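Let's take a walk through this one together, a piece at a time. Have a look at the picture first, then read on.

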Amino acid sequence: MDTLEIIALRAETNKTEILKGINLKIRSGEIHAIMGKNGSGKSTLCNVVMGHPKYKITEGKIKLNGKKIEKLPANKRANLGLFLAFQNPTEIQGVTLNNFLRLAKNTNAKAQNKKAKHISPSEFLQTISQSMDLLEMDKKLAGRSVNEGFSGGEKKRAEIMQMAVLKPRIALLDEIDSGLDIDALKTVAKAIKRLHKQTKCGILLITHYQRILNYITPDFVHIISNGKIIKSGDKKLAQKLEKHGYEKFVKEPA
Amino acid sequence: MKIPKRTRKILEKISNQKNLLRKLGFRTDTKPVYKSPQGLNTNIIEEISRQKAEPEWMLTLRKKALEIFFKKPLPLWGGDLSKINFDTLHYYIKPQDKIKTKWENVPKKIKETFDKLGIPQAERKFLAGTGAQFESEMIYHSLQKELKGKGVIFESTDTALKKYPKIFAEYFGKVVPVTDNKFAALNSAVWSGGSFIYVPKNTHVNLPLQTYFRINAERMGQFERTLIIADEGSSVHYIEGCSAPIYSTDSLHAAVVEIIVKKNARVQYTTIQNWSSNVYNLVTKRAFVYENAEMLWLDCNIGSRLTMKYPAIFLLGENAKGEIQSLAFAKENQHQDTGAKIFHSSSNTSSKIVAKSISKNNGRNSYRGLLKVSKGAKNTVSHVSCNALLVDENSRSDTYPTMKVEEESATVAHEATVSKISEEQLFYLMSRGLSEDEAVSMIVNGFATQIIKQLPMEYALELNRLIELEMTGRHER
């Protein structure tokens with residue numbers, strides 16, 4: 001059982017406070033959806049939890065399995081089993097998806113267990129190949145530079161493909177549904193559900209729209225506004241939100 | 001998506017070679033058979049020529065070159081040359097009596113040096129011929145029997161002067177004359193060693209030929225001279241590598257490379273320069289390329305204190321092609337002043353320059369380029385691209401491109417970029433579990449890939465590893 005705890009978290013960037021006291025607890029096997037308008041702080045939450053150096057934590061704690069991680073660099077958090085699927089994955093010239101992901105997989109395995117066996121390039125080809133099948137991806141992408149020249153949909157698929165390879169304990173998925181057509185959304189959602197079932201990981205799903213929740217049923221739904229969670233509930237809350245819009249909740253904080 | 005078995009094996013082997021690369025800087029304790037006293041004068045020139053038992057014309061040429069060297073001032077552009085003390089250098093060090101063609105016969109200490117650098121292993125695996133220069137002389141040279149049978153010549157330049165005096169005299173000093181520049185004059189005065197290659201008409205040397213240059217002594221001047229003649233319709237790929245131990249005093253490496261690529265021929269010249277940080281590397285490299293022929297300089301500069309090197313291509317015949325691709329890496333106390341020169345002297349010629357540089361820890365890179373299209377050279381096409389990557393705030397990169405286009409029908413494209421490693425890229429890689437060092441070296445390697453992937457695979461892997469070591473600082477030099 002793994003647990004990610006976010007305790008009274010406040011964070012700023014360029015002297016502007018964006019997170020204003022977030023509390024959240026995610027356990028293995030749970031799916032939490034966080035919904036909110038643009039600029040409500042939902043992407044910032046993902047980035048702060050993953051350790052983006054652009055943000056400064058001014059108050060509060062982040063714990064993974066009881067261990068404080070808010071001062072650790074992003075790679076140490078990843079080594080402990082945390083993963084972030086980016087909303088806008090960056091492009092890296094000349095670094096192939098295959099090479100970089102193999103190094104990441106080996107580094108994480110080594111960090112978790114010093115005696116972990118090194119995965120050879122040929123073994124890894126099998127792993128990445130299976131994960132690409134899961135996302136119905138063109139295998140050629142594995143040999144291309146990370147995200148370079150990928151379409152919007154290919155980038156999103158590649159993010160979840162990386163999750164499938166790295167098998168995190170807690171995954172933060174930042175608007176994984178944005179920019180996907182309906183068929184791609186179904187494929188990505190199916191893959192996330194499959195991974196969730198297989199690995200029993202905890203998932204924090206950030207979304208602007210309720211659409212993806214038709215395919216992935218959350219255990220908990222939280223509404224975020226102005227850097228705070230203003231309401232939490234079960235999947236019905238998402239449906240209400242879809243019906244009435246954000247304004248209703250923002251005006252009547254719980 | 002399958003990795004061939006051969007590649008896998010090499011990958012495994014290279015990962016075991018980590019130590020080898022870290023130890024390039026070792027010294028070998030060996031007694032030379034002759035070492036010229038410090039400084040430079042006519043007596044030293046005469047002694048070099050006497051020891052080599054050269055024909056009179058060569059001694060005359062050396063003496064003339066020495067005068068030119070003394071007369072010409074140091075260039076005021078480029079890097080800082082003011083700290084070179086020409087009076088303290090040893091201009092000729094002869095490590096053994098005779099060049100060897102069997103590896104077993106090389107003196108033990110010298111053999112050990114090259115064994116540590118992996119030279120004989122490489123020869124057995126993927127080379128058609130190998131040379132090794134230690135201090136001033138080639139100590140070993142060999143070529144596959146089959147190629148010898150076809151009339152291919154691959155010898156030390158000194159040997160070639162004796163064995164093939166006619167062809168030697170026809171081409172030596174014709175591409176880079178003694179009057180060309182101060183360091184070409186110096187090289188012409190004291191030259192020793194280097195490779196001489198002649199590939200007969202319509203002959204293809206399918207595997208590369210390689211020479212490795214090692215400076216071992218302190219305050220050493222190494223002045224090899226390389227001459228490559230690819231006759232009509234032939235092709236050859238030559239690779240040079242180099243390294244030296246680090247000393248607190250400076251050494252000088254001033255080479256001259258002359259290449260003649262005749263009609264329909266192709267030459268690729270690959271350099272992996274990894275001198276230690278006390279070596280001044282001042283090299284003149286030039287190729288004459290005739291009708292429908294092709295020249296590629298692939299120039300990687302990782303080491304040295306200061307490198308000033310601008311490989312040049314003269315496109316002298318119709319449809320000739322020239323390409324210069326380079327990678328320069330400058331870290332603390334290093335200045336890589338590198339570039340490329342292309343002269344379109346004939347119609348329908350085309351050229352491409354790709355120059356990439358990486359600067360780190362106060363390192364400085366300068367790109368100095370010249371592109372000239374002469375009047376009457378119609379319909380030429382050239383493309384120049386310079387990309388600089390700054391790894392941190394303190395590093396520096398400058399670009400000095402010069403273009404002289406005298407022909408309206410010329411198509412010239414030029415692009416230059418300077419980029420930094422972005423926070424987003426670092427965060428992305430680190431969020432997957434890579435340490436900051438690993439992420440940086442991955443981004444840097446990615447930047448250099450376009451050049452590195454053109455190297456033979458064994459070198460590509462070595463260079464990747466080298467950059468990784470430089471970036472992560474896990475380096476003993």
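In helix H6 of chain A, the buried residues are A:Leu185, A:Thr187, A:Val188, A:Ala189, A:Ala191, A:Ile192 and A:Leu195. "Buried" here means that 20 or more other C-beta atoms lie within 10 Å of the residue's own; 12 or fewer makes a residue exposed, anything in between partly exposed, and the C-beta atoms are placed from the backbone. Helices (H or I, at least four residues) and strands (E, at least two) are DSSP runs, numbered from the N terminus. This is a predicted model, in which local features need pLDDT of at least 70 and side-chain atom pairs count only at pLDDT 80 or more, while totals for chains, interfaces and linings use all residues. Residues are numbered from 1 along each chain as its sequence is written, with chains lettered from A and ligands numbered from 1 in the order in which they are written.

So what covers the buried residues of H6(A)? The cover includes helix H4 (121-134) and helix H5 (152-166) of chain A. Contact, by the way, means that the C-beta atoms of two residues, placed from the backbone, lie within 7 Å.

H6(A) has 18 residues (182-199), and at 1.5 Å a residue it should span 26 Å, which agrees with the 26 Å between its end C-alpha atoms. The expected span is 1.5 Å times one less than the number of residues. Just past this helix, A:Lys200 has a positive phi of about 55°.

Look also at the loop between strand S7 (170-174) and H6 of chain A, where A:Glu175 sits. Its phi is near 45°, positive even though A:Glu175 isn't a glycine. A:Glu175 is buried, because 21 other C-beta atoms lie within 10 Å.

Over to chain B. Helix H10 (residues 182-190) is mostly covered, with eight of its nine residues buried. Among them are B:Phe183, B:Leu186 and B:Val190. Their cover includes helix H3 (42-51) and strand S14 (279-289) of chain B.

Chain B splits into domain 1 (32-309) and domain 2 (428-477), with bounds from an automatic or database domain assignment. Ten residues of domain 1 touch nine of domain 2.

How far can you trust chain B? Its mean pLDDT is 90, and 94% of its residues reach 70 or more; pLDDT is the predictor's confidence in each residue, from 0 to 100. Over residues 10-22 of chain B, though, the pLDDT is below 50. Where pLDDT is low, the predicted coordinates should not be read in detail.
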